[in-house]
Amino acid sequence: MHLARETVELLVQTAIACHPSDDQRGMRDREWTALRFLARANRFSRTPSALADYLGSTRAMATQIIKILEERSLVVRRPSDRDKRSVVLCVTAPGERLLAQHDPIRGVVDAVATLVTADCVKLRDSLHAILNRIDTPLPQAKAGSCRDCIFLSQGRRASEFQCRLHRAPIMAGETDLLCTSFERADSGSRPG
Ligand code: SF4
């Protein structure tokens with residue numbers, strides 16, 4: 001139990017390091033979280049309702065956050081290719097630059113990146129396992145990527161996949177993007 005407590009205390013310290021109280025470029029935590037999500041989300045999840053799901057907020061709150069990001073030219077709305085009545089939220093070049101240079105989690109990301117790959121994978125998988133065992137997980141913990149999702153099936157070629165939920169092709173480069181429709185599959189069904 002002592003080891004578990006010590007580990008959680010270190011996790012708390014790591015989380016605090018991701019939320020510095022000083023300069024955050026005039027952005028609040030939830031705006032950073034939204035921008036970070038939109039930069040990593042797949043085409044089905046870059047929508048106002050998926051963002052609301054991810055943040056665990058109301059649709060009105062998500063709309064307000066999108067408005068702030070749009071006013072700062074960090075995000076733009078584009079008509080969806082799949083449904084012209086819907087919009088897709090796209091992170092702009094200044095938005096990508098802001099994330100690359102000033103995202104508050106950057107210091108921790110850089111520190112994790114210094115681990116050897118095997119340790120990094122072990123840490124990631126352990127954190128996934130912990131989040132899956134918590135009774136009331138954060139809404140963010142429900143999002144995941146195609147490579148771990150029950151709805152992903154193999155396409156005709158090795159580099160092509162299909163989403164059975166959205167009935168759409170998924171290219172190999174999209175399998176690591178975040179999706180709010182995600183349902184975890186057994187690890188044995190992951191693409192290589
Ligand atoms: S396979 Fe799963 S994660 Fe990927 S787009 Fe479909 S529902 Fe989303």
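In this structure, 10 residues of domain 1 are in contact with 12 residues of domain 2, contact meaning heavy atoms within 4.5 Å. The model is predicted: local features need pLDDT of at least 70, side-chain atom pairs count only at pLDDT 80 or more, and totals for chains, interfaces and linings use all residues. Residues are numbered from 1 along each chain as its sequence is written, and side-chain values use heavy atoms, with hydrogens and water left out.

**Domains**
- The chain is assigned domain 1 (19-104) and domain 2 (142-186); such bounds come from an automatic or database domain assignment.
- Between the C-alpha centres of domain 1 and domain 2 the distance is 22 Å.

**Interface between the domains**
- The size of an interface is often given as the accessible area lost when the parts come together.
- About 1000 Å² is buried between domain 1 and domain 2, with carbon and sulfur atoms giving 54% of that area; buried area is the accessible area (1.4 Å probe) that two parts lose on being put together, summed over both.
- One salt bridge is counted between domain 1 and domain 2, the term requiring a side-chain nitrogen of Lys or Arg within 4 Å of a carboxyl oxygen of Asp or Glu.
- Arginine 43 forms a salt bridge with glutamate 174, and their closest N and O atoms are 2.5 Å apart.
- On the side of domain 1 that touches domain 2, α2 (29-40) and α3 (48-55) each supply at least two residues; helices (H or I, at least four residues) and strands (E, at least two) are DSSP runs, numbered from the N terminus.
- That side of domain 1 consists of five nonpolar, two polar and three charged residues, where Ala, Val, Leu, Ile, Met, Phe, Trp, Tyr, Cys and Pro count as nonpolar, Asp, Glu, Lys and Arg as charged, and the others, Gly among them, as polar.

**Aromatic pair**
- The count is one aromatic pair, for which ring centres of Phe, Tyr and Trp (its six-membered ring) must lie within 6.5 Å; planes under 30 degrees apart count as stacked, over 60 as edge-to-face and the rest as tilted.
- The pair is stacked because the rings of phenylalanine 37 and tyrosine 54 have centres 4.2 Å apart and planes at 20°.
- Phenylalanine 37 is in helix α2 and tyrosine 54 in helix α3, so the pair ties together parts 17 residues apart in sequence.

**Glutamate 160**
- Strand β5 (residues 160-163) contains glutamate 160.
- Glutamate 160 touches Gln154, Gly155, Ile170 and Met171, leaving aside residues up to four places away in sequence.
- The C-alpha atoms of glutamate 160 and methionine 171 are 5.2 Å apart, while the two residues are 11 residues apart along the chain.
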